[in-house]
Amino acid sequence: MICSAADREPLEQTRRRVFLALFTALAVALHTLEALWPAPAPWFRLGLANILSLVALFLYGGQAAWTVSLGRVLLGSLLLGRLFTPGFWLALGGAVVATLVMVVAHRLAPRRLGPIGVSALGAAGHALGQMTVAWLVLVRHPGLWQLFPLLLLVAVVAGMLTGWAAAVLLERLESHEAFRKAG
Amino acid sequence: MNFLWRRMTAADRLVVAGLMAAAVAGIAWVAAAPPGRRVVAGDGERVLFVAPLEQPREVELAGPLGPTRLMIDQQGARITASPCALKVCMGMGPARRPGDLLVCLPNRILVQVEGEAEESAPYDLLSR
C-alpha cells in the first residue's frame, strides 16, 4: 500500500477497508471449506470463520464484526448455492445472534473479556440463534429444545478453540506496524 | 488445556465455567426427565399403532417400501429394521421421553412418545 505520510486519516481508513475486505474473504473461504468438510452431525462444526469476526471486533470494533459476519454468511451461501435455503436461514440466525452477543460483551467488558470469553459467548449465541430459527422455520416440535444443552456444550468447546486461534492471530497482528497504528 | 488456560482472563474463565455448567445442568435435566407413557406410530395422516411404553413388545408397521420393525423395551421405543436405503431411523436410537420422535421419511413412518399431557387431554378430536 502506498500513501503519503501527510494523509494520515485517509491512510488509516483505506488500510482498515483493505484489511476488512481481506478478513471477509478469508472468512468466506473458511466458511466454504468447513461446509464441504465432512462433519459427524450437521451442527457439529468448529465455526472457524468466526476467528475473523473476532479479530475484526478486537481490532476495529462492532461495526467491522457485523461486516465480516454478515458478509461471510451471504457470500459463503452464494458460493455454496445455499442462498435462501433453510441452511442459509440457520446460518444467518446463528451469525446474527452470535455477533450481537459478541459485540455487546466486548462493549460491556472491553478489557476484562478476552477473545476466548467473547468467542465462547458468541458460540452460545450462535447455538441459540440456530435453534430459534430451526424452531420458527423448520420444526415446531418440543423435542427440538431437548437437543439444546448438548448443542450448547459442543458450541462452547468449539468457541473456546476458535477464541484461542483468534487470540494467537491477534497477538501476531498487533505486533505488526500496520495494526499498531490502526488499533 | 494449558494452551487455552494461559490466554484466558479471569472473566473468560468465569464465562466459560458458567456456560459449561448451564450446558451440563441442561443435559442432566433432559436425561432425568420422566419417561413418556405411550408410543404412537403413524404415517403422518393416520395412526397405525398405539401402545404403552412400559410393556415390551415388537411390531411391524407397514409402509410404502415394506415393513418397519418397531421394538419397545426398557430403553424405550426404537426401530430395529427398516426397508429404507440409509437406515437413518435405526441410527436414531431409543426414544423414551415425551416429545421424542423417530422418523423414517422414505417409508413414511413417524413414531412419537407421548407423556401425561397428551393422555389426559379432555378431547378425542379437534376439527375446524
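Mentor: Buried area is the accessible area (1.4 Å probe) that two parts lose on being put together, summed over both. This is a predicted model, in which local features need pLDDT of at least 70 and side-chain atom pairs count only at pLDDT 80 or more, while totals for chains, interfaces and linings use all residues. Residues are numbered from 1 along each chain as its sequence is written, chains are lettered from A and ligands numbered from 1 in the order in which they are written, and side-chain values use heavy atoms, without hydrogens and water.

Trainee: What is the area buried between chain A and chain B?

Mentor: In contact (heavy atoms within 4.5 Å) are 24 residues of chain A and 23 residues of chain B. Carbon and sulfur atoms give 77% of the buried area. The total is about 2000 Å².

Trainee: Which residue stands opposite B:Ala41 in β7(B)?

Mentor: Strands here are DSSP runs (E, at least two residues), numbered from the N terminus, and two of them pair if DSSP finds at least two bridges between them. Strand β1 (residues 38-42) of chain B pairs with β7 (residues 109-114) in the antiparallel sense over five bridges. Opposite B:Ala41 stands B:Val111.

Note on methods:
Buried < 20%, exposed > 50% of the residue type's maximum accessible area, 1.4 Å probe, protein only. Helix = DSSP H or I, 4+ residues; strand = E, 2+ residues; numbered from the N terminus.
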